[in-house]
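Here is a short tour to read alongside the sequence and the coordinates.

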Amino acid sequence: MKIKFLTVKKKALYLIVPCILSVCAICAACFSALPAAMPNPLHTVVIDAGHGGIDGGVVGSTGVKESDINLKMSKILESELNSRNFNAVMTRKTEAALNNIKRLDMQARKKIIVDAHPDAVISLHVNRFSDSSRRGVQVFYDDTGIGKDFAQAMQSYLNENINAVYGNRSDYEAIGGDLYITKCAKVPSIIIECGFISNREDERLLLSEDYCKDLCRRIGEVLSSSFGD
Ligand SMILES: [Zn+2]
């Protein structure tokens, strides 16, 4: 499948305050041999499940914590990427944080990223906004780094295949910022806010296995298109 790089329509750029800015800013391989028939080299993607432990992130009307959604989504994405012959490295695999002190937790995540020598970093989060009508998936990148093109490609594809499909949600453009987790390695590194927990319908989707699998499949398609030969 062909990903339309840099064909993001110039629609309204929503200046929102995502969880990564309101909450996360403060918190913020082994290679197995490829089958002979696989022509592509094995690429490594670090999957970072945002928050964890005492830092639950944002909370939905049902009481569900962002950290739990992020972990569930990360495990689904791990399976998706493994099925695509990526080497998926997780920063956390349990509900616990890597350290109870936020600064040390983030440093531990950075060490995992650096040690993995990844080709890309995907940090998964859930968004919250004061306007409960705001919906959809948004992608963020380090505006001083090299992740912009990858972020734009991801956002454009998710606009078309996720945001437009689930309730005709908004088209967004990828948004640059000063975001710790996207600065840990000099490779395309993005944060994907998987939906707005402040919107009831988005919250329902985030709790739905089908939505999570569909979103992760689409993320996997962009990664395969970007890193496949
Ligand atoms: Zn978050």
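## The nonpolar core

Which residues have the most contacts inside the largest nonpolar core? They are Val45, Leu77, Ile122, Val139, Met154, Ile190 and Ile192, in a core of 55 residues. Helix 4 gives the most to this core, with seven residues. Please keep in mind that this is a predicted model.

Leaving aside residues up to four places away in sequence, leucine 77 touches Ile47, Ile122, Leu124, Cys216 and Ile219. As background, nonpolar side chains in soluble globular proteins tend to be buried together.

## Overall layout

The protein contains six helices and six strands. Following the sequence, they come in the pattern α-β-α-β-α-β-β-α-β-β-α-α. Of the 229 residues, 46% are buried.

## Helix 2 against helix 6

Let's turn to helix packing. Helix 2 spans residues 66-83 and helix 6 spans residues 209-227; their axes come within 9 Å and cross at roughly 45 degrees. Because of that angle, helix 2 is oblique to helix 6. The crossing of this pair is right-handed.

On the helix 2 side, the contact is made by Lys72, Met73, Ile76, Leu77, Glu80 and Leu81. Helix 6 brings Cys212, Lys213, Cys216, Arg217, Ile219, Gly220 and Leu223. Sorted by class, the contact of helix 2 with helix 6 has eight nonpolar, one polar and four charged residues. Leu77 of helix 2 belongs to this contact, and Leu77 is also listed among the core residues with the most contacts.

## Helix 4 against helix 6

Helix 4, residues 148-163, packs against helix 6 at an angle of about 140 degrees, with the axes 10 Å apart. Helix 4 is therefore oblique to helix 6, and their crossing is right-handed.

From helix 4, the residues that meet helix 6 are Phe150, Ala153, Met154, Tyr157, Leu158, Asn161 and Ile162. Their counterparts in helix 6 are Leu215, Arg218, Val222 and Ser226. The contact of helix 4 with helix 6 divides into eight nonpolar, two polar and one charged residue. Met154, part of this contact, is another of the core residues with the most contacts.

## A buried loop threonine

Threonine 182 sits in the loop between strand 5 (175-177) and strand 6 (189-196). Is threonine 182 buried or exposed? Threonine 182 counts as buried because it has 27 C-beta neighbours inside 10 Å.

What does threonine 182 touch, not counting residues up to four places away in sequence? Its contacts are Tyr141, Asp142, Gly145, Gly147, Ser189, Ile190 and Ile191. The C-alpha atoms of threonine 182 and aspartate 142 are separated by 5.6 Å, although the two residues are 40 residues apart along the chain.

## Two histidines with positive phi

Histidine 51 is not a glycine, yet has a positive phi of about 65 degrees. Histidine 51 lies in the loop between strand 1 (44-49) and helix 2. With 29 C-beta neighbours inside 10 Å, histidine 51 counts as buried.

Histidine 117 likewise has a positive phi, near 45 degrees. The loop that holds histidine 117 runs between helix 3 (102-116) and strand 3 (120-127). Histidine 117 has 12 C-beta neighbours inside 10 Å, so it counts as exposed.

Note on methods. Residues are numbered from 1 along each chain as its sequence is written. This is a predicted model: local features need pLDDT of at least 70, side-chain atom pairs count only at pLDDT 80 or more; totals for chains, interfaces and linings use all residues. Helices (H or I, at least four residues) and strands (E, at least two) are DSSP runs, numbered from the N terminus. A residue is buried if 20 or more other C-beta atoms lie within 10 Å of its own, exposed if 12 or fewer, and partly exposed in between; C-beta atoms are placed from the backbone. Axes are lines fitted to C-alpha atoms, for helices over the stretch in contact, and angles run from 0 to 180 degrees between N-to-C directions. Angles under 35 degrees count as roughly parallel, over 145 as roughly antiparallel, 65 to 115 as roughly perpendicular and the rest as oblique. A crossing is left-handed if the near helix is turned anticlockwise from the far one by less than a right angle, and right-handed if clockwise. Two residues are in contact if their C-beta atoms, placed from the backbone, lie within 7 Å. Ala, Val, Leu, Ile, Met, Phe, Trp, Tyr, Cys and Pro count as nonpolar, Asp, Glu, Lys and Arg as charged, and the others, Gly among them, as polar. A nonpolar core is a set of buried Ala, Val, Leu, Ile, Met, Phe, Trp, Tyr and Cys residues joined through C-beta atoms within 7 Å.
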